[in-house]
Every structure is written in structure tokens, then in C-alpha cells.
Amino acid sequence: MNDIESGDIESSAIQSDAIEGGAVPDPAGAGDLPEYIRLLDRLRRQSGDLSYRTLARRVGPMLRPPRVVPHTTVGDLFQPHRRRLDLDLVVAIVRILTDSESAADRWRAAYVRVQREARLGDPPGVFRQLPADLATFTGREPELRQLVTAATRGGGPGRAATVVVTAIEGMAGVGKTQLAVHAAHRLVRAGWFGDVQMYANLRGFDPDRPPAEPAAVLDSFLRQLRVPAEQIPDDVEERSALFRDRIHGKDALVLLDNAAGEDQVRSLIPASSSCLVLITSRRSLAGLDDALWHRLGVFSEDEALALLAKFAGPERVGAEPEAARRIVHRCGLLPLAVSIAATRLRARPVWRLADLAERLERDEATSSDIGGAAFDLSYRDLPDRAKHVFRLLGIHPGLDVTAASVAAPAGLTPAEAERTLELLLDENLVQERIAGRYEMHDLIRAYAGERAEAEMTEAERRAAVRTALGWHIAVVTLTAVAISPDRAMPSIDPALVGKSAPQADNTAEAVLWYGRERANLMRAVTVAGEAGFPSPAWRLPIAMAYFEELAQNYRELERLMSTALQHAREDDDPDGETEVVRWLAFALSAQGRVGEAIGPLNRVLQARRAAGDAVRAGRILGSLAHVHDGTGDPGTGIELAREAIRVIEGAGGRVPSSILTIASMCLGRLGRHDEAQEYSLLFVERARKTDDLRALGLGLRNVGDRYLRLGRTRDAIETFQEAIAVAAEVGDRYVRADCLNGLALSLKISGLIEQARARHREAVAVFDDLPEQEAARYLARLETSGLRYVD
């Protein structure tokens, strides 16, 4: 199937571009990479709307050296979530689209500028979290004046003596979120609350998903404020205290959307008078001390008519005033319902307003009492593909979706899914609060779920959810393997690989991506368990475990594996229990609870031996070796590690690299550094063969350490120098700093004192741009590492 098909969806996408204007997109106007990618896609559409397959076929011979380029690779290039692009591929595509070398040069220069500015600026998505303001926002001027006055009361830098908390209450669909977001943007544009803007959807009334836990919201806020995962406490009160400390004194705005009640938001409120908290809820929040309340009702008739005119045009509304009043009153003056009905008019310029009024009046609402007729009418007029995607959104496991995550269960290409989502966005049936990410209002999600229940069989619904879960597993797995190719990961459904793509090109990007996606993934794990899908319920946590390890988030890793274990035991795949228990043991050991890991490992080892499963028994033996080394018994550890290697190789299996590291560690603790170095060199050799740069950096660090202990200083210097370059490439601060310190120690031993001091200063400077507390933590690790430099 071609990436581009004829029909209503394609026409809608082309019309959307035409509305934007026919001028050739200028890459110099791109403020960031997502905007650059959107401009590139606009160039593609304006240059004949070439399909990804066509571009792939034509671009391959233009590359140097020429190569076959899969159409999925080209498609991935146009996804706005990307953090890095193949610049040669981009430039070749621009040459095809423009037939201009000067245009290709401009696009190349713009890409280099965007990436340079991204490196020099704040990490993406950290301090500016407000959803986009809506151009169609209408009315509410009295309420806006009240909100702005309350937020800036006092008029001076000190403003109020305490934090300002403003609660906006009202029924579903009345426009609470739009009002809060619009007020927030108005305040920021006026120069208020410029340091930090944070947003959380608390999902207080979601029909299918539980309210957000305050602890999880605080975890997200603290990560956005650059608190390392390992420094985030378990206790919600401790997290709240740390949040108040980190945001204190900042000119900050915190928007808590869709709160279930006072208890959900108390721990999320800062204490500093420099902060503003905006809260929206369908319930009264009168229990919040000193909060200011704003009760939001439905639109007045004039406001509803103004919104209708903004969508349909003032001339049309003015020509049929009575029909316009019939429309807005049939929608109950509810802003959400009015906007959806108005969208019908905008998309159908030949309709009279009376035509829409008659349709609304003769239709009975089949879902929610509020806005049901407008929902029904919008849904019924959608193309079949859009109806299918709309139904799937009502049962999709994600908190929000991307084109790629919808493509798999919908049986579409990512490009087709994106066009369909954009059509639903044009119809006001989905929202795009973050570029490239779509979500539904609770009322519409409930309606979509009802349509799925009514129009899909149970088998079809379960298959769609299972495919969506499989897509999440594939994306996380491919991202992990992209930055660590030697990593053992769960198997991926081959049918989903073409609709999935790595989301990061290096370790630093991967940690940022995972932090943004983690809430969606955690929700998917919950859905898998509740739906009775044991295989995804353990495979997804296993894929996620690598990123929890990267972030040193060992407490969460333990919780994740504890949840996964019960599902792994229900599945008939022996990999499940084996790998989950191994990760659980690792998480426990990393927290100093080594003794708790031995029992579960021994139980699984006994089961694998009883089943004659030598390879998996060998993996468990390797984990037991690590645990025994952690208990201070490296002698038993090396015996178990060597037994693990012997058993796995005897069964024709591949020894995990982690077991080579464990063997080296145990021998090193026993002072047998020659033997330890043999295993370290094997580890490095494997990392080179698999092009696993992160593993290579870690392995070279260990080899350099061993050379130092063996007195081979020259070899240590060469090894540390290579390790420093590799660690810098993958963005691993600690390994880079540790190796700089190791190099400093090697140079000092060689009598090169000034060079040694310079390398040590470089090691310390690696952490200069981190917050003071985090930098101190890394420096403390340097002080206690085996490569400690002493001047």
C-alpha cells in the first residue's frame, strides 16, 4: 500500500497546507528541530506530495555511497518527535524536492544551527510545559480579568505574601482547561512567571483511567526540575518537600488540570509567594486554604454565537441569526459541543446554518447527555478510516498518542495515521497540547469508547489493544538496542518493526525521551495486566528496565519488576520469569539489599535445571555470581560466574556481556588482575563487534583501571584517552569524568604532573553546568571511585 492514498483524508491534509499559504517553506525560520521537521514535511507536500516510497526509491542513488533506503527510514525522518536526523538524507531529499543546490545548502545550514542552539540551550521540554494556547479561544473576558488580577495582586515583585492558588470549577466541557491555559499564556506574555511553567493533567474524571497519583506527578515535576531519579524520595510527603525546595523563589506557574479533589493537589502546591497555582476541577475545592474560586458556567448566548462565528465566519452567522441561536442552544451553550458543531460548518461551506440546526434537532444523543448530538453528527460524517481511528482512540492504552502509536493498531502507515489524526484535530475531536501528541477530552473519549463497544467485536477490541501494547514494546526495545546493540531484549513482533523506530540516537537523548514517555508506558503496563495479557505485561517492563538502569532509578525498577513477576509466572515463556527475576535481583543489589535477591534467584535456578534449560540456568548463575560478590564473597562469585559461562557455552548459547563483567569484578576483588583483565578485554572486544558505544566506554574504563593496577601505565593512558572520546560521544558524564580522573592518575604516576592536574580539572568541569547538589553527588562518586586522583 502506498503511503499516500486518495480520498477525503488526503484532500483535507492538502487543503490544510493550502490554508497555510503557498510560499516555499524557509528553514531559517525553524526555532527547533520539531519545527524544522514540520517545515520539511510542508516542503514535501508542496512539491507534489511525493510518497515516502517514491522518495526512498529516488534518494538512494543520490547518496554517497549509493544505498538502498527503506521507505520507513524516509517516513521516520518526517516524525516531529525526532531528536536527530540523517543530514545527508535530508539534504538529498531537499535536492529532489527543489532541484536546487542553494536550497539544499540552506536546509543544511538551518539544521546545523538548530542542533547547535539545542545543545547550548536548556534540555528540551524541561521548564516550559504549558499546552499550546488556542487561536479559537473566545469570550470569558470577565473571568480572565479576575484571574489576572488575582495572579498579580499587589502589582509589585513581591505580589502576595503567600502562594496564589486559583481554582476554576465547572462542569465537563465548559472550557475550564482552555480558560486556565489562555490565562497562563496571557500572564507569561505580559512578563509574569517567566522562570518555570509546569503542567499536569491529573485525570480526575477520566472514564477509563485512574486519577494521577500525587507521587507520580511530583516525580515528573522533580525530573523536569533536573532532580536525578536516584535523589527522588519514595514518600510522597518527602517528594512534596523537595518540590517546594526546588521551586522556592522561582517566578513559577503550576497548572494542575482536571483535579479529582483537594487531597490530590495539596502536595503539589508550592509554598513560595513567587508562585501561582491554577487548578481546574469539576468538583468544588473549597477545602483548599486561602484559594480563590471561580465558578465557570456555560457560555452566554453571545459568547456561544461568537465562537460559532469564529469557526464558520461572521457573515454566515449574521445571515442566519435565528438558525445560529438554534444551533448553540441545541448544544446547551456548552463550549465543547458548540466548537464541534461549528467545525461541521467550517468544513462544509455549502451548508446553510439551518441545515446544521435541523440535523442537530432531529438527532438524539446516544452517549453523554452533554454534547451527544454534536458528537454523533461529527462522528457520522467522518470518513471510514477516521471513524476507525476514532474508535481505537477510545480504547488505546496510552494517556496520549502519536501517529506512530496509532498506526499499528489501526493497520495504517504512520503517515496515514498522522493525516487521520490531523483530520480529527480539525474536527475538534482530539487536542494537540504538545506538538505531535494527541489526546481526547474525557467526554469525547467516553463517546469514542462507546462507539468501539457498539461497533467492534470484543475480539477486535482486544486485538487492537494487544497490538498497541506490542508497538510500545517494539519502540522501547528498538530505542534500547539503538544505543546498546549488545543488550539482550525481549522479542519483537516482526509485523510491528516497520511501524516503530528508535526514539533516540545516544544515551542522553534516550534518558530525556524515556522521561517524557514513562507515564504512557507505565499506563500500558497496567492495561496489559488488567486486560489479561501476561506476555506484554512482563515484556514491556523488561524493555523499560534498561532505561530505569540508565537513570539509576532502582526503587522504581524494583517496583516495576515486582509487578511484572506475577504476570511472567502466568505466561508460558520461560524467558519471562528468568529475566524478570534477574532484573529484580539487580535492583535489590543496587539498593544494598543483596540478601533479598538470593532466594528468588535460587527458586528460578531450580526450576530451570529441572526443565533441562541450561542457557537460562546459566543466566541465573551469572546473577547469583553478582549477588555473592555484593555480599563480600567474590570467591563464590567467580566460581558461579565461571560455571555460568561453562553451562551456557556448553549448551551452544551466547554468554551475556554482563557475566563477563561480573567475572572480572570478582577476580579483581581477589587481587587476580591478570585474569580479571582477560574478561575485561573480552567485554571490550564484544562491544566493538556490536558497535555498542555505551558498553565500549564502560569496558574501556575497566580495562584502563586494570592496566593501572598491573603497572602498565602507558597502556592505561591510551585506553583512558579512547574511553573519554567514546563517553563524550554517547553523553555519559560519569564515565567521561571517571576516565579523565583515571588519565590524570596515570599521568601523575608517569611524572607528568601539570598534564595530570589539567585532566583532573577537566574531570571536575564535566559537571559545571549541573545544579550544585547534583554536581556534588557526581564529585562524591569520583572521590570514592577506584580511579581517585589525589594532587
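How many bridges join strand β2 to β3? Keep the question in mind while setting up the view.

This is a predicted model, in which local features need pLDDT of at least 70, side-chain atom pairs count only at pLDDT 80 or more, and totals for chains, interfaces and linings use all residues. Residues are numbered from 1 along each chain as its sequence is written, and side-chain values use heavy atoms, with hydrogens and water left out.

**Whole chain.** Show the cartoon: the chain has 37 helices and seven strands (DSSP runs numbered from the N terminus, helices being H or I with at least four residues, strands E with at least two). Of its 791 residues, 57% are buried (under 20% relative accessible area, with a 1.4 Å probe and protein chains only).

**The strands.** Select residues 196-201, strand β2, and residues 252-259, strand β3: six bridges join them, and they run parallel. Strands pair if DSSP finds at least two bridges between them. Pick N201, whose bridge partner in β3 is D257. Eight of the eight residues of β3 are buried.

**E556.** Move to residues 554-570, helix α26, and select E556 there. E556 has a relative accessible area of 13%, so it is buried. Leaving out residues up to four places away in sequence, E556 touches R239, R518 and E548 (heavy atoms within 4.5 Å). Show the side chains of E556 and R518, which make a polar contact at 3.3 Å (a pair of N or O atoms within 3.5 Å; within protein, one must be able to donate a hydrogen and the other to accept it, and residues adjacent in sequence count only if both atoms are side-chain atoms).

Methods
Buried means under 20% relative accessible area, exposed over 50%, partly exposed in between (1.4 Å probe, protein chains only).
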